[in-house]
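Please read these notes with the model open beside you.

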Amino acid sequence: MKVLAVSGSLRADSYNTSLLRAAIEAAPEGVEVELFDPAGLAGLPVYDQDLDSGDVPEPVARLREAWGSADAILFATPEYNGSVPGGLKNAIDWASRPRQEAALMNKTAAVVGASTGQFGAMWAQADLRKILGAAGARVFGDELPVTRAHEKFDSAGRLLDGELFERLRLLLETLATESISVSVAA
Ligand SMILES: Cc1cc2nc3c(=O)[nH]c(=O)nc-3n(C[C@H](O)[C@H](O)[C@H](O)COP(=O)(O)O)c2cc1C
C-alpha cells in the first residue's frame, strides 16, 4: 500500500519534512511511503469557489490526483501562531471538493507534528485533525508531538531519536491496518 507523506512546511530544512523522510525509513513491510513535493502546496492558488468548476487550475488537478490516488496520507504539520500553516489549510480546502468525489473523502489519514517549542505543534495537530475530519477524511492514531525539533535531527536532517522512529513505525502500521479495513468495508 502507498502512504503519501504531506508536509505542511515549505522550508528547505523543515523538521516536519525531515520527520516524513524518517517515516520512509520506518515504514513496515508492505508499506511504501512517498513524499509529496512541498512545491505542490506552494503552487496552489488561494481557494476560490469561482475557480472550482470545470477545468480547475493545473496545480489543483495534480494535488487532487496525488492525494486521491494514495491509500492513506500521513500529514506532518508545523505550528504557526497556534494552528496549521495557511498553505496546508488551503490545500485541504481544494482537496475537500467536489464533496462526494473529493480527494480526502473517506481517506485514511494520520497526523504528526514538529515544532521548536515545548509542545510539539500540539495545537496545530489538534486543529489539523478537526479540519481533516470536516473535509471527509478518517483520522487514525494519536498525535505524535516532536518537541524541541532542533535537538531531534542532525545537520543532515536525520532523526536522532530512536523512540520517535519506533512511534512512526507503529503509526504507519495503524494507518496500513485502518486503510485495509476502510477499503474492505467500502
Ligand atoms: C510564522 C510562524 C509562527 C510560529 N508559531 C509557532 C507556534 O505557535 N507554536 C510553536 O510551537 N512554534 C511556532 N513557530 C516555530 C515553528 O514551530 C518552527 O519554526 C518550526 O521549525 C517550523 O517547522 P518546520 O521546521 O517544519 O518548517 C512559528 C514559526 C513561524 C515561522
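1. A salt bridge here is a side-chain nitrogen of Lys or Arg within 4 Å of a carboxyl oxygen of Asp or Glu. By that rule, Glu166, Arg169 and Glu173 are linked in a network of salt bridges. The whole structure holds 9 salt bridges.

2. Some ground rules. This is a predicted model, in which local features need pLDDT of at least 70 and side-chain atom pairs count only at pLDDT 80 or more, while totals for chains, interfaces and linings use all residues. Residues are numbered from 1 along each chain as its sequence is written, and side-chain values use heavy atoms, with hydrogens and water left out.

3. Arg169 and Glu173 meet through their side chains at 2.6 Å, N to O. Both residues lie in helix 6 (residues 162–185), 4 residues apart, about one turn of the helix. Helices (H or I, at least four residues) and strands (E, at least two) are DSSP runs, numbered from the N terminus. How accessible is Arg169? Arg169 is partly exposed, at 24% relative accessibility. Glu173 is also partly exposed, with a relative accessible area of 33%. The classes are buried (under 20% relative accessible area), exposed (over 50%) and partly exposed in between, with a 1.4 Å probe and protein chains only. The areas come from the Shrake-Rupley method, and for residues only the protein chains shown count as cover.

4. Next, Asp52 and Arg64. Their closest N and O atoms are 3.0 Å apart, in a salt bridge. Asp52 sits in the loop between helix 2 (39–42) and helix 3 (58–69), and Arg64 sits in helix 3, so the pair ties together parts 12 residues apart in sequence. Asp52 is buried, at a relative accessible area of 17%. Arg64 counts as buried too, at 16%.

5. Arg129 and Glu143 form another salt bridge, at 3.8 Å, N to O. This pair links distant parts of the chain, 14 residues apart: Arg129 is in helix 5 (residues 122–134), and Glu143 is in the loop between strand 5 (138–139) and strand 6 (145–146). Glu143 is partly exposed, with a relative accessible area of 23%.

6. Now the ligand. Which residues are around the ligand? They are Ser9, Arg11, Ser14, Tyr15, Asn16, Pro78, Glu79, Tyr80, Asn81, Gly82, Ser115 and Thr116. Here, near means a heavy atom within 4 Å. The shell divides into 3 nonpolar, 7 polar and 2 charged residues. Ala, Val, Leu, Ile, Met, Phe, Trp, Tyr, Cys and Pro count as nonpolar, Asp, Glu, Lys and Arg as charged, and the others, Gly among them, as polar.

7. The Ser14 side chain places an N or O atom 2.6 Å from a ligand oxygen. The Glu79 side chain has an N or O atom 3.0 Å from a ligand nitrogen. A backbone N or O atom of Gly82 is 2.8 Å from a ligand oxygen. Taken alone, the ligand exposes 620 Å², and the protein buries 68% of that.

8. In helix 4 (residues 86–95), the buried residues are Leu88, Asn90, Ala91, Ile92, Trp94 and Ala95. Their cover includes strand 1 (2–7), helix 2, helix 3, strand 3 (72–77) and helix 5.

9. Last, Leu160, in the loop between strand 6 and helix 6. Is Leu160 buried or exposed? Leu160 counts as exposed, at 54% relative accessibility. Leaving aside neighbours within four places in sequence, Leu160 is in contact (heavy atoms within 4.5 Å) with Glu151, Lys152, Phe153 and Asp154.

Terms used:
A polar contact is a pair of N or O atoms within 3.5 Å; within protein, one must be able to donate a hydrogen and the other to accept it, and residues adjacent in sequence count only if both atoms are side-chain atoms. Accessible areas come from the Shrake-Rupley method with a 1.4 Å probe; for residues, only the protein chains shown count as cover.
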